[in-house]
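Subject: Handover of a structure

Dear colleague,

Please find the structure below, together with an account of what was found in it. I would be grateful if you could read the two side by side.

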Amino acid sequence: MSLSWTIGEPIKDEKAPSGPIEERWDTRRFQAKLVNPANKRKLTVIVVGTGLAGGSAAATLGELGYKVKSFCYQDSPRRAHSIAAQGGINAAKNYRGDGDSVHRLFYDTVKGGDFRARESNVYRLAQVSVNIIDQAVAQGVPFAREYGGLLDTRSFGGAQVSRTFYARGQTGQQLLLGAYQALERQIAAGTVEMHTRHEMLELVISDGRARGVVVRDLVTGEVETHLADAVVLATGGYGNVFFLSTNAKGCNTTAIWRAHQRGAMFANPCYTQIHPTCIPVSGEYQSKLTLMSESLRNDGRVWVPQRTGDDRTPADIPEDERDYYLERIYPAFGNLVPRDIASRAAKNVCDEGRGVGPGGLGVYLDFADAIARLGREAVEKKYGNLFEMYERITGENPYETPMRIYPAVHYTMGGLWVDYDLQSTIPGLFVIGEANFSDHGANRLGASALMQGLADGYFVLPTTLGDYLAGAGGFGEVDATEVAQAEAAVQEKIDRLLAVNGTRTADSYHRELGRLMWDYCGMERTDESLRKALERIPELREEFWNNVKVPGDGEGLNQALERAGRVADFFDLAELMCLDALHRTESCGGHFRAESQDADGEALRDDEHFAYVAAWEWGPEGPILHKEQLEYEYVKMTQRSYK
Amino acid sequence: MNLTLKIWRQNGSSDRGRMVTYEVQDVSPDMSFLEMLDVLNERLTLEGDDPVAFDHDCREGICGMCGMVINGVAHGEQRATTTCQLHMRHFEDGATVTIEPWRAAPFPVVKDLVVDRSSFDRIIQAGGFISVPAGSAPDAHAVPVPKDDADAAFDAATCIGCGACVAACPNGSASLFTAAKITHLGLLPQGQPERAARAKAMVEQMDAEGFGGCTNTGECTAVCPKGIPLDAIARMNADYLKTASK
């Protein structure tokens, strides 16, 4: 193995209050120091990213009276990739009276995360979930409603209650536009200064505190520094390390990776979520994968032919020669098992040679029964836009022939380590939304990403950041040498990328890295595959830095240069992901080590050795592992069963 | 299949710009339009040419970042489809395809096919919101909303802010975009207190940005990837006139 690593001191979340779990968030809120309104105006907060977490945080901090500077790489804050979330948002409203409660949402999330998330954080998330729905409705988010005028809900994977609020298949869009509109309102009010088409490339640290960012104006090419009293990263996940994922093309790890290299610990990088229902790859030129909402599993039935190599059209395969394998293996949850389980089951049947479509990498998601039971019109009402999207991409009509789906990288549970206050190991650097690691453990349940992003941005961060800033009067001037060094580092990297002038594009390297990660650190990982990846990644990175071709110059809009910079950071991250996956010899949630499975092929945890958060510190001699022990007082650790 | 592309190239807003012809070979019908351009750009990069700049992000038809005028039609001839969701199976082998940016004075060209749509953000800033600071909301079930109103509000709210409506309009009007937001919020009980002020401020901002007036041509709704209906504009005008006559 090329990468050596060491074990450092254990790490602990010092901020979580003790006492009964129901009271911890109240306790923390009361303990948190307040900043008086006159002082808020003097404090500047930088928020990078304008998705659900960043957009809602920037808007809320602006409402509270802070001076906010918001940054996004897109042309408008409304483009952030939260907009593509389809299915819905969980909340423990119990409007159905079907036995839901804050405690049940908490329980489901801890269990769904395969006992690798903190109880305190998850409980707070479940508590705050109800406020999010209230907030969104008041903003005018047009959630689906029933004829009585009340909100409709649906079921989602990993839950036996109906607690998912939705806006057709565009819940993320509607929630993001709510946050975006709140943000634009603050921009108009002058509390938020918006910088679109700006990409964060470095973090400025002065006197041990995060005090600013270095960004590149993507239109003029100018490298600028912005200073503040605190920095919030809301830059999303790093699924694009696999090249093909359901993320937007621009999603990248650069902001959190820069912060990591400057001292923020990176927690559980190997926890990636493979979403079971995506449209399969169609060719070599493929640039991204498109998700079909998990909500489809409410009414769609997943199956493959019973016989291997059965190449008849789906209509020609009679009922008794089909294997509805999720219903067969998991009778209690059926098609609604959590994502990691559904994904692996699909991989298993395809590995057996029973997959369908080109290359045998697909399974059917069939709506024939639902259409017969509910009528085509009802199905169209629920899923119309998803069916249209499927048809546009594949040219096939899912009302007449079953969809073909296959798992794809969708979400990363890992991210920068944060304490209960969402503060990283760098004082003054807060991390929210998918960019942090905090609430989903080793597997995120469907419809929980929107919940967490908005919980962090609207409700948690504005409180905890105030506690930090209450001491900010004494932070002092930012060290000019630190600023100069950060800027120089950014410029040096840009110059270096442009100077190589080799023979391969950054995209072609990204594709190769992604393929390698999918094969060796994807749905199933082994000691052997991970060691192979750890051998190959540094070679490929070396080749990249000696042979990449980035056209043009650093002046003005240069999209190839932007992509090359992101790929360069993905190489480093990929290495840490593989190392984390290698050291965690257990299976848990989305991390499946082939060596650790039970007799039925289910993920087998090793709580004795691995009930901890792996927080990695960047070190010149290789990464240093700090373990945060996880304790479960309220939910008994058990092997998950959805049978 | 093989195609001839005629693409608008313009190096910054002060450059006059011109159409440049490129030949692309072996295009797969399953490719998306943007994947076809990716392949072209990979080739241009390796040949030492400047790749074509274009905006895109989610590539699943929802972020609203992509947008090109393809053969004279905003987002191309497929109805209710963004450029990223347009697939090559809709083109004939040997065809010539022209590709241009959105053209409207309030959308200045940044480079090639990339335009500046920040005028849309400023229209939203003028009033495209409901003023409700975080934490101040009543219980979500405190105000029931008739399903028909909620559904109609949703239909208007699906606008992705791509700007195709402006590109297609002979007057360069942003009426459909502006009206979609006024309709979305104006149909909900939560949006009533600010309804009149919202319509007035947003319409005035739209005018101030230099967008043209609406003459009911309907080109906007024909190219809208989300099918925002034209009657949204009538609603906007009604709301606006009510405030103007006060």
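**Chain B**

Among contacts in chain B between residues at least 6 apart in sequence, 71% join residues at least 24 apart; two residues are in contact if their C-beta atoms, placed from the backbone, lie within 7 Å. This is a predicted model, in which local features need pLDDT of at least 70 and side-chain atom pairs count only at pLDDT 80 or more, while totals for chains, interfaces and linings use all residues. Residues are numbered from 1 along each chain as its sequence is written, and chains are lettered from A and ligands numbered from 1 in the order in which they are written.

Chain B contains eight helices and seven strands. Here helices (H or I, at least four residues) and strands (E, at least two) are DSSP runs, numbered from the N terminus. The C-alpha trace of chain B spans about 60 × 35 × 35 Å along its principal axes. Of the 246 residues in chain B, 52% are buried. A residue is buried if 20 or more other C-beta atoms lie within 10 Å of its own, exposed if 12 or fewer, and partly exposed in between, with C-beta atoms placed from the backbone.

Chain B is divided into domain 1 (3-110) and domain 2 (118-244); such bounds come from an automatic or database domain assignment. The C-alpha centres of domain 1 and domain 2 of chain B lie 29 Å apart. Between them, 18 residues of domain 1 of chain B are in contact with 16 residues of domain 2 of chain B. The domain 1 side of this contact in chain B divides into eleven nonpolar, six polar and one charged residues. In this classification Ala, Val, Leu, Ile, Met, Phe, Trp, Tyr, Cys and Pro count as nonpolar, Asp, Glu, Lys and Arg as charged, and the others, Gly among them, as polar.

**Where the chains meet**

In the contact between the chains, 66 residues of chain B touch 65 residues of chain A. On the chain B side, helix 1 (33-46), strand 6 (109-111), helix 2 (118-127), helix 3 (147-157) and helix 5 (175-186) each supply at least two residues. Helix 1 of chain B gives the largest share of that side, seven residues. By class, the side of chain B that touches chain A has 32 nonpolar, 19 polar and 15 charged residues.

**Chain A**

The division of chain A gives domain 1 (6-206 + 229-249 + 414-474), domain 2 (275-410) and domain 3 (480-583). The C-alpha centres of domain 1 and domain 3 of chain A lie 29 Å apart. Their contact takes eleven residues from domain 1 of chain A and 16 residues from domain 3 of chain A. The domain 1 side of that contact in chain A has eight nonpolar, one polar and two charged residues.

An unreviewed UniProt entry places the annotation "domain: FAD-dependent oxidoreductase 2 FAD-binding" on residues 45-450 of chain A. UniProt positions are given in the numbering used here, feature names are shortened, and annotations may be inferred rather than shown by experiment. This span is 29% helix and 20% strand, and its end C-alpha atoms lie 23 Å apart.

Which residue does UniProt list for "active site"? The unreviewed entry names Arg339(A), which lies in helix 9 (residues 339-351) of chain A. Arg339(A) is buried, with 27 other C-beta atoms within 10 Å. Leaving aside neighbours within four places in sequence, Arg339(A) is in contact with Gly157(A), Gln273(A), His275(A), Pro276(A), Glu294(A), Asn443(A) and Gly446(A).

Strand 8 (residues 198-206) of chain A has nine of its nine residues buried, so it is largely enclosed by the rest of the structure. Eight bridges join strand 8 of chain A to strand 9 (residues 209-217) of chain A, and the two run antiparallel; strands pair if DSSP finds at least two bridges between them. Within this pairing, Glu202(A) has Val214(A) in strand 9 as its bridge partner. Two residues separate the strands of this hairpin, where Asp207(A) takes a positive phi near 55°.

Helix 7 (residues 254-261) of chain A is likewise largely enclosed by the rest of the structure, because seven of its eight residues are buried. Just after helix 7 of chain A, Gly263(A) takes a positive phi of about 125°.

With kind regards
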